[in-house]
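Have a look at this protein model and take a moment to turn it around. The notes below walk through its pocket, its sheet and its helices.

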Amino acid sequence: MANTETALKDAMTSIEGVIGVALVDYTSGMALGTLGGGKDLDLSVAAAGNTDVVRAKARTMELLGLKDEIEDILITLGGQYHLIRLLRGRGKSGLFLYLALDRGRANLAMARHQLKSIENDLEV
């Protein structure tokens, strides 16, 4: 089992093309941990903004009567992928992993696979 710091380091080193990663509490919008980012990617701002995305999608699913769970949300930009993976399991409710990837260097399928593996090893 990995703690937050180990999980974030694992994401930064094992996923090709990572710009930044954060573990976010979407009940508060606060990042519980961040790694990477920089002047072009403020991970605290991204955490708060993507909390709104998660809440909006959950609300829309409820209005549509969909009885399913969000696995992940993908936002594609011209030069980046932004991946939001909602966490499941004991102690993980209300959390998501946020990953920003350089679109030119990243393999989206592999990134999703590796992020799921990191989620499974994460102990919060």
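The largest pocket holds about 230 Å³ of space. Here a pocket is an open set of points on a 1 Å grid over the protein atoms alone, where a 1.4 Å probe fits and protein lies on both sides within 12 Å along at least five of seven lines; its volume is the space filled by probe spheres set on the points, which are joined across faces, edges and corners. Keep in mind that this is a predicted model, where local features need pLDDT of at least 70 and side-chain atom pairs count only at pLDDT 80 or more, while totals for chains, interfaces and linings use all residues. Residues are numbered from 1 along each chain as its sequence is written, and side-chain values use heavy atoms, with hydrogens and water left out.

**The pocket lining**
- The largest pocket is lined by 14 residues (each with an atom within 4 Å of a point), and Y26, A58, E69, I70 and L86 are the closest to its centre.
- Helix α2 (residues 43-64) gives the most to this lining, with four residues; helices are DSSP runs of H or I with at least four residues, strands are runs of E with at least two, and both are numbered from the N terminus.
- The lining divides into eight nonpolar, two polar and four charged residues (Ala, Val, Leu, Ile, Met, Phe, Trp, Tyr, Cys and Pro count as nonpolar, Asp, Glu, Lys and Arg as charged, and the others, Gly among them, as polar).

**The sheet**
- Five strands make an open sheet in the order β2-β1-β5-β4-β3, with antiparallel pairing; two strands pair if DSSP finds at least two bridges between them.
- β2 (30-36) and β3 (72-76) stand at the edges with a single partner strand each, so one side of each has no neighbour in the sheet.
- Strand β4 (residues 80-86) pairs with strand β5 (residues 95-102) over seven bridges, and H82 has A100 in β5 as its bridge partner.
- β1 and β5 also pair over seven bridges, with G20 opposite A100.
- β1 and β2 pair over six bridges and form a hairpin with four residues between them, where G29 in the turn has a positive phi of about 85°.
- Seven of the eight residues of β1 are buried, meaning under 20% relative accessible area with a 1.4 Å probe, protein chains only.

- α2 lies across β1, β2, β3, β4 and β5, at about 120° to β5.

Note on methods
Contact = heavy atoms within 4.5 Å. Axes fitted to C-alpha atoms, helices over the stretch in contact; angles between N-to-C directions. Buried < 20%, exposed > 50% of the residue type's maximum accessible area, 1.4 Å probe, protein only.
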